[in-house]
Amino acid sequence: MIVQFSYKAPTSMEQLLSLLGKDGATYKLLAGGTDLLVGIRNGVYAPTQVIDLKKIPGFDLISWDEKGDLVMGPAVTINAMLFDKRVQEHFPLLCACGKDLASYQIRNRATVVGNIVNASPCSDMAPALLCLDARVRIESLQGSREVAIGAFFTGVKRTVLGKGELVSAITIPSSMADKAGVYRKLKRIQGHDLGIVGVAVVNLGKSARVAVSSSAPTPVITPELPLTLGLDKMLKEVEAIIRPISDVRCSKEYRQFMVGEYAKRLWMEVIA
Amino acid sequence: MKIKVTVNAIPYEREIEEHMTLLRFLREGLGLTGTKEGCGAGECGACTVFFNGKTVNSCMVLAAEADGAVIETIEGEATEGMLSALQSSFEKHFAVQCGFCTAGMIMSARELIHHHPHPTAEEIKEGLEGNFCRCTGYEQIVEAILDVTGSFVAKEVLTYV
Amino acid sequence: MYDTLDRSQLKNVGKSAVRLDVKEKLTGEAVYVSDMVLPGMLYAQIKKSPHARARILSIDTSKAEALRGVRAVLTGSELDYRLGLYVVDKYLLAKGEVRHYGEAVAAVAAESLQIAREAVDLIEVTYEVLDPVLNHMDAMKEDAPLVHPDLGSYDYIKAVFTPIPGTNIANLTKLRKGDVEQGFADSAFVVEREYDNPSVQHVPMETHVSIVKWGSGDRVTIYTSAQSPFTVRNLFCRTFSLPFNKVRVIIPYVGGGFGGKAGIHIEPLTACLSKKAGGAPVKFQASREEEFSLLPCRSALTYRIKTGVSEEGKILAQKMEMYWDAGAYADYAVNVTRASGYSASGPYEIPNAWVDAYTVYTNKPYGTAYRGFGHVEFHWGIERHMDLVAKTIGMDPLEFRHLNALRPGSITLTGEKITSHSGDVLACLDAVAKAIGYGKKSKEEKLREKESGLRIGKGIAILQKAPAMPSNTATAAIVKMNGDGTVSVAVGLTDIGQGSTTALAQIVAERLDFRLDQVFVKVEKDTDSDPYDWQTVASKGLIMSGNACILACKDLLQKGYAVASHVLKACVDDLGHDSEAVFVRHDPESRISWPQIALGYAYPDGKAIGGPLIGIGSYIAQGLSNLDKETGQGKPALDWTFGAHGIICEVNPVTGEYTLRKIASAFDVGKVVNPQLLRGQIIGGMLQGLGTAMCEGYIYDGSGHLLNPSFTDNKIPTAKDLPFEVETIAVENAQVDGPYGARGVAEHPMISVAPALGNAIYQAVGADLSHMPIRAEDVWRALHNKQPIDNWITKTPVGSCRSTPVLGSHSPSHALEP
C-alpha cells in the first residue's frame, strides 16, 4: 500500500461521531475492509485516516427490536448473518444472497452494511434488502435519520451519505419475515465471482417484486406486481427498470436477456 | 503504533506502521513466511490465516486491527515436527504440487472441518472456492479432506489400459 | 531402452512414492524467493508505459532521485543491452519507443518498497502517442506500422528462424509434404474454416521475483523464481558479456511456472539496479497486475485450416495457415510457431500437407512459452475442425478419427515414421470414449435431460506433442554416495511442482537397487554446483534427466565394484550388490558394505584405495535434426506423447449456460513412474485447460490498454469448477529410449480440453464455436445466430475490428465440391 494513513479505532459512538465531524482529515470507515483495502491498494481511495468501526460495542450485533424488526449493526459480517438461526428461519432471501457473495474468507470479513455503502451496481445483498424493504439508519453529529434502501443509492458507487455520516444499522421490518424469496446470479465461473447479472424475486402474498443488480447504475427493483400478472407483463416491468451496459464481463444484449430469463425462472419458482 | 498480538500461541508486542497489512506484519515483522501473497487483493486465498478463530485473507486486514487478537498460521499447524492429521492427509493424497497455495488451503480446510466435521465433496469445494490452486486441479485436495474426515472411498488411482 | 524391466519386477518405479518436498511445503518451511530477504537488500519498482505505442519524448527522474532512500534510478538511455532467446529484439528498458501497454520504461531501487513506489510515481515521462497495430491480422498488411523497423539488424538464430525485415513477421516456418493442390483436386470434399483464441496468462501463484547482487569483480549472484537456471545464467552472461563461471543462479522452491518462467525475464534489469546501487542486493517482485502485462503471456492464434477428404472419409490434403500474435517481442513465440508448425495437423496422417506459420509482431504484451507450447491453441482449431469435417461428410467423429489418426507405419508431417513403440493415440481415444459412454445416452442421462430441460452432449478430442527443443539438447546428473551409504543426487532440472525430484529419486533407487529412503534429490538449484541442464520445459525432464540419472547410477556402481573387486579379491563380473553391500555372487558371505567403500576403502593396515564414489551421467538427445527451412522435413521429436479427452457436458439450450458432468483423460505415458504424481499432472493440466476453454483471456480496448489484468476480471478455475467426475487413464506402450520406458506428460493434459468441450457443446445443442474461451454468452450467441463476440481487441464486447471478414463461428462452413 502506497497510501500512508493513520488508524483510529474509536470505542464509542460519541468518539466515532466526533472523529467524523473533524475537518481536514479525509477519512474512510473500515468494517470488513474487503472493498476499502482493495480500493486503497488500487489507488481508488487515498484516505489520510482509516476509522475502524469494529471496536464499538454493539456494532457487530444482530438483534430484534421491540417491534420484532431485524436490526443489523455496521460490523455484522455476511457469515455472522448466515450463521444466525433466526435469520436463517425468517429471512431466507437474505441468506440466499449472502451465500453467493464472494468466498468464505471474504464472508468472514465483509459486512452487510459495507456491501451497500460500497454501492456497487453488482452488490449481492442489495437485491435482498430491496425486496425486504430494508431501512438504512444514518447517524452523524447533527443527529440521525432513516432512509428506505430504495432511496439510498444515487449512482455507481454513490449514496445519500454526506460528510460526517455513517450507516449505523440496517433494519428489516418484521412484516417482511417469512416471505419466500430466491436469488440467482450469473457468473463467469462456478466459483466466486462478481455478479454479471443478479436477480431476486420475493413473494409478498398477493404480490411479488423483482430486484436486479449489475444491470443499471444502482441495484433496482420493480413496484409490487400482482401474482396473477402474466410472465410477459412481468418482464415488461423488469425491462422498464434496468439499463444494462456492455463491459468486459458481458454484453448489454446478453445481460438484458439473462435478466429476463432469471426473472422468469425465479418468478415461477416463487409463485409456485 | 504498538500492538499486542498472539500468534500461534506466542504473545508478541510490536511497533507497526498503521497502514501495514496483517500479511506483511506476519511475513516481514515476525518472519512467518509460510503465509504467502498471491494477489494482494483478497481473490486468491494464499494469505489465509485464522483471526480470532475465523479465516480471513490477511492481505485485506490491517495489522492494527489485530491488536489484542489471536492469530493462527501454517507455522502453528504441526506440533514439534509432527504433521497434523490434516497435513498428513495432504501428504498421503498428493494434494501439494508447487506448494505456494498450500498454507492457505490448509487454513481453509481446517475452518471447513470445524463447521462440517463430515463434509461432502460439494461442501469441500464450496469451502475452498476462495483458495486458488493452479497446479493440482483440486481433486487430490478434496480427497485429502474427505479422507481426514472419514468419508473417502478408496479407488484406483489410474485406470490402466 | 535404458533399462527395460517387467512392471512386476520394479520395486520403486510404478509406485506412488511420497513427494520428497512435501513436508517443507506443508509446514510453510519451504523458502521461495518471495520469502527471502538479504542483508542490505533494496527493493525495486518499475515505471510502466500506459500506452500501447508511443515515442518517449523525455523522462525526468530528478524528483525520484532526490527522494530520501532512493539508491538507484535507471532509464533506457543508460542501458544499451538487448535481450532475446531467439531474436535479440528487446531492450531491458524501452529506448525511444514503447511497444506495449505495461512495458518497463524506468526502474528504481530504494531502501523500502514504499519509497520505491513513491519514487516511481515521481518519475515524469512525456510521450507522443502513436497509432498502435493491435490485431495480428492487421499487422500482416503491407501498410501496417512496423513494431520493429530495425528487424533486419537484429541478431537471431539463423539455422532455425526466418524473420522478414520490413514487415512485422518475426518468423515464418514452412512445411511442405506431398502435393497439396493435387490432394485437394482428388478430394470429394473440401472443408475450410478459421479458428482463434486470445492471449492468456499463466497465473503461477508466485509471481515473478528475483534478488540480484552485482558484486565486486563482476561476480553476480541471482536468486530467482525461474524454471531454467542455466538459461538464465547463459543469456544473462551473453547480454553483459560476462564469463559463465562468474555468474551464479540459485533457484530455491518455485511457486509454479507453466512456461511463464522458462526463459529470462526480470533478472537483467534487477541486476543493473544492483550495479548502479553499488552492489547492494536488489529484489523485484511483480505484482499480480504486472504479471499480466510487464511479464509475458501466451500468444493469441488465428488458425485457418483447409482439409480435403476422399469419398470414404480419408484425409487427402490439408493446408494450414497459422498467425501467431507475438506481441511486441519475439521471446518464445517464434519457437512456439516452429514447434506448432511441424506438429500442426495433430495426431493425423496427412499425405499432402502445406503449412505456413507466421509469428507476427503487434503492440501488445508479448507471448512466451506456456504449458503445451502452442499445442493447446492449435489443437483447438484442429480438433474442432475434425468434428466439422466429420459432420460435413456425414461420419461420426470417432470413426473419422479412427480412419485418419496416426498408427504404426504412418508418416508424420516432417517425414518421421510412426512405429509400434511410438505410443498409441487410438488406444487413448477408445479409452476415453468408453469412459464417457460416447455416442449414446444412458437411461439416467435421458431422465436427467427430461427433468432438467438441459441437453447432454459428449465430445472427444485427441492430441500429440513432442518436446520442442534444439536437436542437441543435453543434460547431466551426478549421484554422490555419502559416507553412510546414502546417495545425494544433483540435476539441473528444476522441480516447480511437477514432482520431478521424487520421480528421479524413484528411478535412481530402482537402478541402484537401493531403498528409496537412501536416495535424496534436492529441490534447490545452483548453477555453481549442479550439472548443466538445458531447460525445465517441454515435458523432456523425465525422459532426459531420467536417462542421465540411470547413466550416473551405472557409473557409480561401476566405480564401487572396482574398489570392491580389490577388497573382495574377486573379478568385477562376479560381483553383485544390494542396498547394503557389494558381494561376491557365488559367495554372498564375502561382502563389503557401501559405507566402507563410499569415501574410499582403508585396509586393516591403513592403506587406502578408491575415493569418494561419484557417478556421472551425461545425456544428449540423439538422432534429431534441424528442419529444412523450405519443406520442414527432418526429425524434431525426441518422443511423441499422445492422448485424448472425453467430456460429458450439460448445456442449457436457451441461455448457453453449461456445466461439466465428467471428463476422462488418457495418455500413452510409456511407463507410469508414479501413479499419484501422474494423476496430479493430468488433473491439474486438465483444469488449467478448462480455464483456457471456459473463461480466460486478455481483453483490450481499441487503444491497446489491457482491461482485465487481475483476478477480478480474469477468472481462473476454482475448486467448484472441477467437473463432477474425473477419470484418469494410463496407456503403457514403452518408449524404447525412455527411463524404464517412460515418456513425458506434463504439458499434454492441458491440450485438447477446449475442443473436447467445444465438440460436446456442439453435440448437445448445436452451437458451433470457432473461438475460445467458450463463455455462456458465446454459446448463447451461437445458438441464436448472433454476431460472435470479438472483444479481444475492442472495448465493446459486441462488434468486430477484424481486418478482413472471415468465416465467423456461426457461418455455415464451406463444404465445396471441388
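Me: How many helices and strands does chain B have?
Reply: The model is predicted: local features need pLDDT of at least 70, side-chain atom pairs count only at pLDDT 80 or more, and totals for chains, interfaces and linings use all residues. Residues are numbered from 1 along each chain as its sequence is written, chains are lettered from A and ligands numbered from 1 in the order in which they are written, and side-chain values use heavy atoms, without hydrogens and water. Helices (H or I, at least four residues) and strands (E, at least two) are DSSP runs, numbered from the N terminus. The sequence pattern of chain B is β-β-α-β-β-β-α-α-α-α-β, giving five helices and six strands.

Me: What share of chain B is buried?
Reply: Buried means under 20% relative accessible area (1.4 Å probe, protein chains only). Of the 161 residues in chain B, the buried share is 63%.

Me: Which residues of helix H11 in chain C are buried?
Reply: Helix H11 of chain C spans residues 397-404. Its buried residues are C:Pro397, C:Leu398, C:Phe400, C:Arg401 and C:Asn404.

Me: Within what arc do the buried residues of H11(C) fall?
Reply: The arc is that of the directions from the helix axis to the C-beta atoms. The buried residues line one face of H11(C), because, seen down the axis, they fall within an arc of 160°.

Me: Which elements do the buried residues of H11(C) pack against?
Reply: Contact means heavy atoms within 4.5 Å. The partners in chain C are strands S15 (300-309), S16 (315-327) and S18 (455-465), together with helices H10 (375-393), H12 (425-435) and H18 (753-765).

Definitions and conventions
Buried means under 20% relative accessible area, exposed over 50%, partly exposed in between (1.4 Å probe, protein chains only).
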